[in-house]
Amino acid sequence: MPKAKGKNRRRKFGYNVNRKRLNRNARRKAAPKIECSHIRHAWDRSKSVQQNLAEMGLAMDPNRAVPFRRKVTAMDVDVSKEKKPNKIVRKPYVLNDLEEEASLPEKKGNTLSRDLIDYVRYMVENHGENYKAMARDEKNYYQDTPKQIKSKINVYKRFYPEEFQSFIDSLKNKMEVE
């Protein structure tokens with residue numbers, strides 16, 4: 001049988017790599033990579049993940065933090081009266097900062113390309129709502145079907161409703177002048 005081609009053929013053995021040192025480093029407790037800056041600044045590397053999160057008022061397992069409520073029966077009433085001790089939150093500022101950040105309004109990052117906007121404006125300007133004529137137009141480079149063109153126009157309407165309305169009004173004004 002022939003040898004495997006491709007990836008394995010190009011792979012070379014690293015003679016200079018010290019594998020003992022790599023294994024020793026891999027065994028060492030690695031700190032988790034933290035994306036949130038508020039948590040990263042309050043993190044204590046000498047403590048475990050659960051201890052750090054408990055100090056910040058966060059939970060590692062949401063299922064344990066918010067217990068599932070069962071139907072209460074007469075037998076369970078005595079057990080439910082016992083209160084569990086509340087955990088002490090030593091770093092409440094982290095939780096407050098996260099709540100403030102979450103309450104900020106979400107910024108829309110979606111925009112349409114300038115080419116698509118120009119294409120839609122050209123089609124509406126020349127053909128109005130005749131999608132079949134738009135599909136036969138010479139500027140329809142990608143050979144969009146009438147339904148595809150209609151969906152592109154609807155996307156433009158959804159992203160820029162005020163701009164589209166002002167564009168339609170200007171077209172009506174042009175028609176009245178002519």
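This report walks through the helices, cores and a few individual residues of a predicted model.

**Overall picture**

Buried residues make up 17% of the 178 residues. As for contacts with a separation of 6 or more, 49% of them join residues 24 or more positions apart.

In soluble globular proteins, nonpolar side chains tend to be buried together. Here, the largest nonpolar core has 16 residues, and the members touching the most others are Val 120, Val 124 and Ile 153. Two or more residues each come from α8 (114-127), α9 (131-136), α10 (146-159) and α11 (161-177). The top contributor is α8, which puts in six residues.

Beyond its neighbours within four places in sequence, Ile 153 is in contact with Val 120, Val 124, Tyr 131, Met 134 and Phe 164. There's also a second, separate core of seven residues, with Ile 39, Trp 43, Leu 53 and Val 94 among them.

**How α10 meets α11**

Two packed helices are described by the angle between their axes and the distance between the axes. For α10 and α11, the angle is about 110° and the axes are 5 Å apart. Angles of 65 to 115 degrees count as roughly perpendicular, so that is the label for this pair. On the α10 side, the contact is made by Ile 153, Tyr 156, Lys 157, Arg 158 and Phe 159, while α11 brings Pro 161, Glu 163 and Phe 164. Sorted by class, that gives five nonpolar, no polar and three charged residues. Ile 153 and Phe 164, both part of this helix contact, also touch each other.

| Residue | Relative accessibility | Class |
|---|---|---|
| Tyr 119 | 14% | buried |
| Ala 59 | 43% | partly exposed |
| Gln 143 | 69% | exposed |

Tyr 119 sits in helix α8. With a relative accessible area of 14%, Tyr 119 falls under the 20% cut-off, so it counts as buried. Leaving out residues up to four places away in sequence, Tyr 119 touches Lys 139, Asn 140, Asp 144, Ile 149 and Lys 152. Take Lys 139 from that list: Tyr 119 and Lys 139 are 20 residues apart in sequence, yet their C-alpha atoms are 8.0 Å apart in space.

Gln 143 belongs to the loop between α9 and α10. Most residues other than glycine have a negative phi. Gln 143 has a positive one, near 55°. Its relative accessibility of 69% is over the 50% cut-off, so Gln 143 counts as exposed.

Ala 59 is also a loop residue, found between α4 (49-56) and α5 (62-65). At 43%, its relative accessibility lies between the two cut-offs, and therefore Ala 59 is partly exposed. Setting aside neighbours within four places in sequence, Ala 59 is in contact with Leu 53 and Ala 65. Leu 53 also turns up in the second core. Ala 59 and Val 49 are 10 residues apart in sequence, with a C-alpha to C-alpha distance of 9.9 Å.

Conventions:
Residues are numbered from 1 along each chain as its sequence is written. This is a predicted model: local features need pLDDT of at least 70, side-chain atom pairs count only at pLDDT 80 or more; totals for chains, interfaces and linings use all residues. Side-chain values use heavy atoms; hydrogens and water are left out. A nonpolar core is a set of buried Ala, Val, Leu, Ile, Met, Phe, Trp, Tyr and Cys residues joined through side-chain atoms within 4.5 Å. Buried means under 20% relative accessible area, exposed over 50%, partly exposed in between (1.4 Å probe, protein chains only). Helices (H or I, at least four residues) and strands (E, at least two) are DSSP runs, numbered from the N terminus. Contact means heavy atoms within 4.5 Å. Axes are lines fitted to C-alpha atoms, for helices over the stretch in contact, and angles run from 0 to 180 degrees between N-to-C directions. Angles under 35 degrees count as roughly parallel, over 145 as roughly antiparallel, 65 to 115 as roughly perpendicular and the rest as oblique. Ala, Val, Leu, Ile, Met, Phe, Trp, Tyr, Cys and Pro count as nonpolar, Asp, Glu, Lys and Arg as charged, and the others, Gly among them, as polar.
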